[in-house]
Amino acid sequence: MFEDLRDLYQEVIFDHNRNPRNFRVIENADRKVEGFNPLCGDRLTLFLTLDHDVITDASFQGSGCAISTASVSLMTGIIQGKTIAEAEKLFTTFHDMTTGKEEEIQLEAVGKLAVLAGVREFPARVKCATLAWHTLDAALNNSGNSISTE
Amino acid sequence: MTNYPIAKIRADFPILKQKIRNKDLIYLDNAASCQKPIQVIDCIGNFYKQDYANIHRGVHTLSQRATDKYEQARHTVQEFINAKSAKEIVFVRGATEAINLIAQTFGKANIAAGDEILITAMEHHSNIVPWQMLCAETGAILKVAPINQQGELIYAQFEELISAKTKLVSVVHMSNALGSINPVKQIIAAAHAKNIPVLLDGAQAIPHMSIDVQALDCDFYVFSGHKLYAPSGIGVLYGKQELLEQMPAYQGGGDMIRTVSFETSTYAGLPYKFEAGTPNIVDTVALGAAIDYLTSIGMETIAAYEHELLLYATEKAQQINGLNIIGTAKEKGAILSFTLDNIHPHDIGTMLDSVGIAIRAGHHCAMPVMDFFDVPATARASFAMYNTKAEVDVLIEAIQELINVFG
Ligand SMILES: Cc1ncc(COP(=O)(O)O)c(C=O)c1O
């Protein structure tokens with residue numbers, strides 16, 4: 001019945017939605033930022049541990065739709081071990097992919113995140129995929145302890 | 001209902017004939033805004049083709065004709081809600097503007113520091129924020145009567161909250177997030193016993209039941225045209241004449257004045273005192289056409305049909321494992337708000353859209369209601385006069401299937 005949605009809801013997304021990775025609190029995290037999408041009520045808290053400019057640990061808490069949960073679950077995995085600059089660059093690449101600004105999917109750069117490319121066909125859902133990354137961006141730039149996408 | 005003219009009604013709504021993602025459109029987002037019958041669409045086109053001019057200002061034929069049609073719409077609204085006089089019908093942009101108008105005029109003139117405004121916990125943001133703004137300006141206090149787990153007003157507590165300081169009771173007639181219909185007659189009687197005026201937010205109630213403002217004895221009744229099969233950008237503020245007369249003007253400008261000099265101006269009488277500037281002429285006339293359409297079928301007939309549809313949908317929904325209906329009030333309009341275990345409303349919305357079903361997923365401009373039920377959002381199917389049991393069947397099947405897909 002839902003054949004049209006295969007690109008959006010790939011099995012990987014269902015899997016991360018059912019069993020989100022890095023779903024835990026980091027006590028004494030170096031950065032802790034809350035992200036909120038008032039339109040759909042998605043709310044997540046992102047925790048980061050930093051060693052100089054390297055992200056050594058990342059985790060999250062909160063609840064959201066399958067897209068936003070899969071996105072933050074994947075993101076918290078992929079940024080571990082990356083430098084702040086690398087993570088910021090990935091945000092830009094990811095953003096361009098999900099908004100359709102960059103038509104070609106840069107598989108090498110985005111890796112597993114490619115499963116989220118499907119949102120580009122669903123403008124109302126792009127924010128679900130990017131909430132985690134906007135929250136990360138705020139955390140890395142130390143711009144307050146909560147952000148809201150609107 | 002065997003003699004309900006469903007085939008004719010559906011044929012009157014051109015938009016319903018289309019396919020969305022190769023499936024027949026099933027439009028169940030009527031509480032957000034409903035679709036327009038050809039009678040309303042044609043009315044707009046014909047008015048521009050034949051009758052358009054500014055109103056109340058020209059001696060020429062077109063201006064007279066446009067004025068007549070605009071004022072005819074006022075009489076149509078008056079009859080539709082059984083107001084005593086057409087002077088009591090003020091045209092505004094919608095329910096939101098109507099409530100803001102009351103807050104800024106009646107509110108500022110009558111509500112002072114320490115006074116109380118009483119609302120309920122199921123209000124739409126538009127019946128919360130204007131009062132918060134007034135309270136911030138005046139030092140008045142907003143009181144909120146609680147609801148129970150069924151989404152019903154806890155009437156006893158509401159009554160206890162009416163105090164000597166209460167200057168206005170403002171409650172939703174039918175909740176957009178839950179479908180609950182409030183015991184408005186009882187509310188009005190209790191408030192009037194203490195000489196407190198009552199404002200009813202009728203944005204959701206108006207398309208689903210017949211409204212008689214004199215029988216209700218409410219002091220204000222507000223609604224939006226776009227939820228009543230008319231265009232957006234036009235709405236109605238009904239107010240009792242004595243109250244409207246005492247209220248200061250809202251905006252200043254043309255049409256709302258009698259005389260103007262640089263020293264002072266005198267204001268026009270009702271309802272023009274509240275209608276400054278060139279109004280939304282065409283959509284007002286179209287609102288009249290929408291009401292004519294509804295009365296040709298009969299609000300009682302529509303209400304009975306929709307009630308049957310709601311009962312049918314509710315019964316089917318209750319059979320789905322993992323589906324939770326949010327809002328199970330005994331008195332309820334044609335709204336089915338629900339959540340599914342472990343599936344976010346936004347995913348439900350996208351999945352249903354992919355098979356042509358339009359529902360709303362979100363907080364429905366009622367964040368306090370979401371907080372009360374401890375959900376971030378709900379999925380909401382809301383029914384209109386043109387929906388059918390066959391559409392409900394497709395909805396239910398799709399929900400069942402998406403539960404399977406999510407696993
Ligand atoms: C109960 C209720 N009140 C008020 C409003 C506000 O109506 P509008 O946005 O047309 O001004 C709505 C519309 O969503 C509503 O459902």
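Two residues are in contact if their C-beta atoms, placed from the backbone, lie within 7 Å. By that rule, 17 residues of chain A are in contact with 19 residues of chain B. The side of chain A that touches chain B has 10 nonpolar, 3 polar and 4 charged residues; Ala, Val, Leu, Ile, Met, Phe, Trp, Tyr, Cys and Pro count as nonpolar, Asp, Glu, Lys and Arg as charged, and the others, Gly among them, as polar.

This is a predicted model, in which local features need pLDDT of at least 70, side-chain atom pairs count only at pLDDT 80 or more, and totals for chains, interfaces and linings use all residues. Residues are numbered from 1 along each chain as its sequence is written, while chains are lettered from A and ligands numbered from 1 in the order in which they are written.

**Chain B**

Chain B has 14 helices and 17 strands; helices (H or I, at least four residues) and strands (E, at least two) are DSSP runs, numbered from the N terminus. Its radius of gyration, taken over C-alpha atoms, is 22 Å, close to the 22 Å that the globule rule (2.2 Å times the number of residues to the power 0.38) gives for 407 residues, so chain B is as compact as a globular protein of that length. Buried residues (20 or more other C-beta atoms within 10 Å of their own, C-beta atoms being placed from the backbone) make up 50% of the 407 residues in chain B.

An open sheet of 7 strands in chain B has the order S4-S10-S9-S8-S7-S5-S6, with mixed pairing; two strands pair if DSSP finds at least two bridges between them. Strands S4 (89–92) and S6 (141–145) of chain B are the edges, each pairing on one side only. Strand S7 (residues 166–172) and strand S8 (residues 198–201) of chain B pair in the parallel sense over 4 bridges.

Axes are lines fitted to C-alpha atoms, for helices over the stretch in contact, and angles run from 0 to 180 degrees between N-to-C directions.

| Helix of chain B | Strands touched | Angle |
|---|---|---|
| H3 (residues 61–81) | S4, S9 (220–224), S10 (235–239) | about 115° with S4(B) |
| H7 (residues 184–192) | S7, S8 | about 160° with S8(B) |

**Helix H2 of chain A**

In helix H2 (residues 66–78) of chain A, 11 of the 13 residues are buried, so H2(A) is largely enclosed by the rest of the structure. The buried residues of H2(A) pack against elements including helix H5 (126–140) of chain A and helix H12 (345–353) of chain B.

Notes: A residue is buried if 20 or more other C-beta atoms lie within 10 Å of its own, exposed if 12 or fewer, and partly exposed in between; C-beta atoms are placed from the backbone.
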